[in-house]
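Let's take a walk through this structure together, one stop at a time. Have the sequence and the 3D view at hand as you read.

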Amino acid sequence: MRKFQYYIPTRVLFGKGALNDLHKKGLPGKKALVVTSSGKSVKVNGYLDRVQEQLELAGCEHVLFDKILPNPVLRHVMEGASLAKETGCDFIVGLGGGSSMDAAKAIAVMATNPGDYWDYNAGKTGKGLPLVCDPLPVVEITTTAGTGSEVDPTAVTTKEETNEKCGFMHEKLYPVISVVDPDLMMTVPPALTAYQGFDVLFHAAESVINKYENPMGEMFALKAIEYIARYLPAAVKDGSDSEARAYVALANSMAAFFMLCTSEHSMEHALSAYHQKLPHGAGLIMISLAYHRHFVEAHACDDLYIKMAKAMGKADADKAEDFLDLLLRLQKDCGVDELKMSDYGVDPNNLEKYAANARESMGRLFACDPAPLSDEDVVKIYRQSYR
Ligand SMILES: [Zn+2]
């Protein structure tokens, strides 16, 4: 068995009403920069008010930074970090989906470190320098079940000038406290519920087929796959189904405890780096059947695809193709089997460009695939997925 480390230092407050306990859990500072999206949902649904009330109950001051876009961008990281410094914030609270939570982590880095965030990033134009100082401590409050950012040490951001969308990872970016309260997810619209749920499914599936997977990670991932297959269609059909929402939320965090992505994520990031209106989960859904069919047809890891098919409810699964059938059925059950890249401006004449970007921005994930994937294979998968 391969060596691995188990290290998840985040206190997760999970369950209905968990947000109400936040003020009692020892917040890591006295003044918080609350980082949230430029959209209205956290405000109109009262989540921002509730978070601010929790901070006040804990005796903390707070400053609001509410500019984060669906794909968080470098300039907002730098702007948020300046605000944190100017106002003397000593911890960061991310409130929202993956974008706000990731931006909170990136801002936590730049609130204490000199220079530009990309100095520390390892993307194509990043310098990959080590951090000079520890980031500020981060508290994450998730309002979606999708990215798993609430339990991982990763921040994904985009540098617009160079169309680079990359993840930055640092052990000190594990949130100190995370709130996973399904009550905050009840208002997510059906399409977004589906996109985010499939993001969870692929975090888990990519972990299972990953060359560097370990038994602990596989345990979390298979359970996450089981919960998504069983509960996501119900959460999509009826957003007020609190039991379904809770299991999808749990699957999200479980898939992230040991998230080991493969090149499916590199390929998707290349699409949404150029087409920022494309939701990450939707991009993954679009390429997923062709991507996994490639490895199924190559017999790269039949046993692992069979394990995942069993987790998805087919107890007598005995061939890797069963996973593809179940994946398509789950897409149909969630109403996302007919998504089109062309609706988001993906250009069929640019497939080579996306393939090059996937390799340049997140090339390291290709080394995790269960079998080698050439640039020609990547273009072929994009082409098969295009409509
Ligand atoms: Zn993802």
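In this predicted model, the buried residues of helix 12 pack against strand 7 (164-169), helix 8 (263-274) and helix 13 (375-385). Which residues of helix 12 are buried? They are Leu 351, Tyr 354, Ala 355, Asn 357, Ala 358, Ser 361 and Met 362. Looking down the axis of helix 12, you would find these buried residues within an arc of 160 degrees, so they line one face of the helix. There is a simple pattern to keep in mind here. An α-helix has 3.6 residues a turn, so residues three or four places apart point the same way.

Now move to helix 9 (residues 280-297), where you will find Phe 295. Is Phe 295 buried or exposed? With a relative accessible area of 0%, Phe 295 is buried. Leaving aside residues up to four places away in sequence, Phe 295 touches Ala 300, Tyr 305, Asp 369, Pro 370, Ala 371 and Leu 373. Tyr 305 lies ten residues from Phe 295 along the chain, and their C-alpha atoms are separated by 9.4 Å.

Helix 9 also leads us to a pocket. The second largest pocket has a volume of about 230 Å³. Of its 15 lining residues, Met 286, Leu 289, Gln 384, Ser 385 and Arg 387 are the closest to its centre. Helix 9, helix 11 (321-333) and helix 13 each give two or more residues to this lining, and the largest share, five residues, comes from helix 9. By class, the lining has eight nonpolar, three polar and four charged residues.

Key. Residues are numbered from 1 along each chain as its sequence is written. This is a predicted model: local features need pLDDT of at least 70, side-chain atom pairs count only at pLDDT 80 or more; totals for chains, interfaces and linings use all residues. Side-chain values use heavy atoms; hydrogens and water are left out. Buried means under 20% relative accessible area, exposed over 50%, partly exposed in between (1.4 Å probe, protein chains only). Helices (H or I, at least four residues) and strands (E, at least two) are DSSP runs, numbered from the N terminus. The arc is that of the directions from the helix axis to the C-beta atoms. Contact means heavy atoms within 4.5 Å. On a 1 Å grid over the protein atoms alone, a cavity is a set of points where a 1.4 Å probe fits but cannot get out, and a pocket is an open set with protein on both sides within 12 Å along at least five of seven lines; lining residues have an atom within 4 Å of a point. Grid points are joined across faces, edges and corners, and a volume is the space filled by probe spheres set on the points. Ala, Val, Leu, Ile, Met, Phe, Trp, Tyr, Cys and Pro count as nonpolar, Asp, Glu, Lys and Arg as charged, and the others, Gly among them, as polar.
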